[in-house]
Amino acid sequence: LGFSAKAIFVKLAYPYGVGPLALLTLRMAFSAPVFLVIAIRCSRNTVTLSIRDWLSLIVLGILGYYGSSLLDFIGLQHISAGLERLILFSYPTLTVLIATLVLGRPLKNSDLLALALAWTGIALAFAHDIKLGGGSAVWIGGSFVFASAVCYAIYLTGCGEMLARIGSRRFTALALCVSTAASFLHFATTHPLAELSQPAPVMLLAAAMAVFSTILPVFMLSAAIRSIGASRAALIGSIGPVITIGLSVIFLGETISFAQIAGTVLVLAGVMLTGRQARRPAAPAKAG
């Protein structure tokens with residue numbers, strides 16, 4: 001619910017005139033102190049990071065939380081929250097493609113079926129938004145969100161070794177600190193700092209996004225994985241697009257159609273099939 005509500009917070013903030021980068025910077029500013037404390041605590045009496053580790057953290061942090069989030073926020077200026085979540089939720093199928101193209105992993109028939117299901121579902125959701133008069137805006141926004149999903153898929157593909165070496169909590173906290181620094185640097189070099197002074201509703205929405213769609217979900221997901229395992233946690237998390245669509249209807253007044261429902265079902269089927277293949281004993285375990 002927390003992760004799925006992120007797009008709703010973003011869409012509710014845009015009518016007040018805040019830009020994607022300013023909103024992302026505010027979100028990171030509100031969440032950074034918590035992750036900084038965690039990073040410091042988790043770094044005590046543990047593995048010392050090498051220069052290579054820091055370089056990997058910087059690259060992955062920029063891709064996973066800064067680059068991916070900024071592209072997503074830009075895309076949300078042009079498309080509905082429901083379509084955004086479906087495109088973004090395709091990242092497990094993208095990790096399969098990346099593993100095939102970069103790591104030489106064989107592409108199985110089940111992988112092709114998962115890809116076909118997911119992208120047919122996204123096509124149906126696209127058709128729904130275009131039918132509502134989105135036109136070129138849907139393609140522009142969809143392209144940004146797709147780029148966001150690619151960044152996140154690359155992040156997931158590359159973080160396995162780091163997660164195994166330094167632990168998921170420490171890695172996540174450090175990666176978010178890197179992302180915060182990148183957001184601040186980008187904003188400071190391209191915008192006057194006065195633009196971070198936003199109307200009260202924007203500040204409240206950014207704070208809510210930091211707490212309910214960043215900090216709490218990260219720890220809740222970790223606790224869920226420890227309690228019920230990664231497979232069950234992923235299965236429950238697959239209802240995310242459904243929650244986003246429901247919230248968008250309630251809070252944003254977005255419409256829902258049979259094509260969007262069918263598209264959601266196909267995307268979920270493709271993602272779940274991808275996850276099922278990844279959990280087989282013959283497949284390498286994916287941390288985090």
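Which hand, left or right, does the crossing of H6 and H7 have? I shall answer that in a moment; please bear in mind throughout that this is a predicted model.

The crossing of H6 and H7 is right-handed. Helix H6 covers residues 109–131 and helix H7 covers residues 136–158. Their axes lie 11 Å apart, and the packing angle is about 145 degrees. On the H6 side, the contact is made by Trp 119, Phe 126, Asp 129 and Ile 130. On the H7 side, Val 138, Trp 139, Gly 142 and Phe 146 take part. Sorted by class, this contact comprises six nonpolar residues, one polar residue and one charged residue.

Let me stay with H7. With 23 residues, H7 reaches 33 Å from its first C-alpha to its last, close to the 33 Å expected at 1.5 Å a residue. Its buried residues are Val 138, Gly 141, Gly 142, Val 145, Ser 148, Ala 149, Cys 151, Ala 153, Tyr 155 and Leu 156. These buried residues pack against H3, H4, H5, H6, H8 and H9.

Ser 90 sits in the loop between helix H4 (81–88) and helix H5 (91–103). Its relative accessibility is 0%, and Ser 90 therefore counts as buried, the cut-off being under 20%. Beyond its neighbours within four places in sequence, Ser 90 is in contact with Trp 119, Ile 122 and Ala 149.

I turn now to helix H10, residues 200–228. Its 29 residues should span 42 Å at 1.5 Å a residue, and the end C-alpha atoms are 39 Å apart, which agrees. H10 also bends by about 40 degrees at Pro 217. Pro 217 is itself one of the buried residues of H10, which also include Val 202, Leu 205, Met 209, Ile 215 and Val 218. Among the elements covering the buried residues of H10 are helices H1, H2, H3 and H9. After H10 comes Gly 229, whose phi is positive, near 95 degrees.

Finally, consider Trp 54, which lies in helix H3. Is Trp 54 buried, exposed or partly exposed? Trp 54 is partly exposed, because its relative accessible area is 39%, which falls between the 20% and 50% cut-offs. Setting aside neighbours within four places in sequence, Trp 54 is in contact with Leu 49 and Leu 174. The C-alpha atoms of Trp 54 and Ala 223 are separated by 26 Å, and the two residues are 169 residues apart along the chain.

Key. Residues are numbered from 1 along each chain as its sequence is written. This is a predicted model: local features need pLDDT of at least 70, side-chain atom pairs count only at pLDDT 80 or more; totals for chains, interfaces and linings use all residues. Side-chain values use heavy atoms; hydrogens and water are left out. Helices (H or I, at least four residues) and strands (E, at least two) are DSSP runs, numbered from the N terminus. The expected span of a helix is 1.5 Å times one less than its number of residues. The bend at a residue is the angle between axes fitted to the seven residues ending there and the seven starting there. Buried means under 20% relative accessible area, exposed over 50%, partly exposed in between (1.4 Å probe, protein chains only). Contact means heavy atoms within 4.5 Å. Axes are lines fitted to C-alpha atoms, for helices over the stretch in contact, and angles run from 0 to 180 degrees between N-to-C directions. A crossing is left-handed if the near helix is turned anticlockwise from the far one by less than a right angle, and right-handed if clockwise. Ala, Val, Leu, Ile, Met, Phe, Trp, Tyr, Cys and Pro count as nonpolar, Asp, Glu, Lys and Arg as charged, and the others, Gly among them, as polar.
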